[in-house]
Amino acid sequence: GEAPTENALEDLRAALAGRLAGGAGGGAAAVEVVGMAQARGVQRCVPAGRDFVDERLAMAQRAEPLRYRQPFGQFSNPNPHVAV
């Protein structure tokens, strides 16, 4: 298949962001939705230029959460408890 167009990817990103914001209760963590797709060597990201994801992982051994950045194409395991 082909990578979705930037407009289609933006529509998907906006829909997910809206659903997440609509379901957030008081005190919920802020969530920023970034859309990324790749097919046949074509890479698309929305917002444009946002080809990475910043994550925070709370750890019992640390007072502050562990912060790390994953560039697009480097995601190997979506479960941070297994990947870290």
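Analyst: Start with R40, which sits in the loop between β1 and β2. Strands here are DSSP runs (E, at least two residues), and helices are runs of H or I of at least four, numbered from the N terminus. This is a predicted model: local features need pLDDT of at least 70, side-chain atom pairs count only at pLDDT 80 or more, while totals for chains, interfaces and linings use all residues. Residues are numbered from 1 along each chain as its sequence is written, and side-chain values use heavy atoms, with hydrogens and water left out.

User: What's the phi of R40?
Analyst: Positive, about 50°, although R40 is not a glycine. Most residues other than glycine have a negative phi.

User: Is R40 buried or exposed?
Analyst: Exposed, with a relative accessible area of 65%. The cut-offs are under 20% for buried, over 50% for exposed and partly exposed in between, using a 1.4 Å probe and protein chains only.

User: How do β1 and β2 run, and how many bridges join them?
Analyst: Antiparallel, with five bridges between β1 (residues 35-39) and β2 (residues 42-46). Two strands pair if DSSP finds at least two bridges between them. They form a hairpin with two residues between them. G35 has V46 as its bridge partner in β2.

User: Which peptide bond is cis?
Analyst: The one from V46 to P47, with omega near 0°. P47 lies in the loop between β2 and β3 (52-57).

User: Switching to side chains. What does R50 touch?
Analyst: Beyond its neighbours within four places in sequence, R50 is in contact with E32, V34, M36 and C45. Contact means heavy atoms within 4.5 Å. R50 is in the loop between β2 and β3, and counts as buried at 15% relative accessibility.

User: Which side chain makes a polar contact with R50's?
Analyst: That of E32, at 2.8 Å. A polar contact is a pair of N or O atoms within 3.5 Å; within protein, one must be able to donate a hydrogen and the other to accept it, and residues adjacent in sequence count only if both atoms are side-chain atoms.

User: What lies over the face of F52?
Analyst: R69, at 3.8 Å from the ring centre. The test is NZ of Lys or CZ of Arg within 6 Å of the ring centre and within 35 degrees of the ring normal.

User: Which elements have the lowest and highest mean pLDDT?
Analyst: Helix α2 (residues 80-83) is lowest at 59, and strand β4 (residues 66-71) highest at 90. pLDDT is the predictor's confidence in each residue, from 0 to 100.
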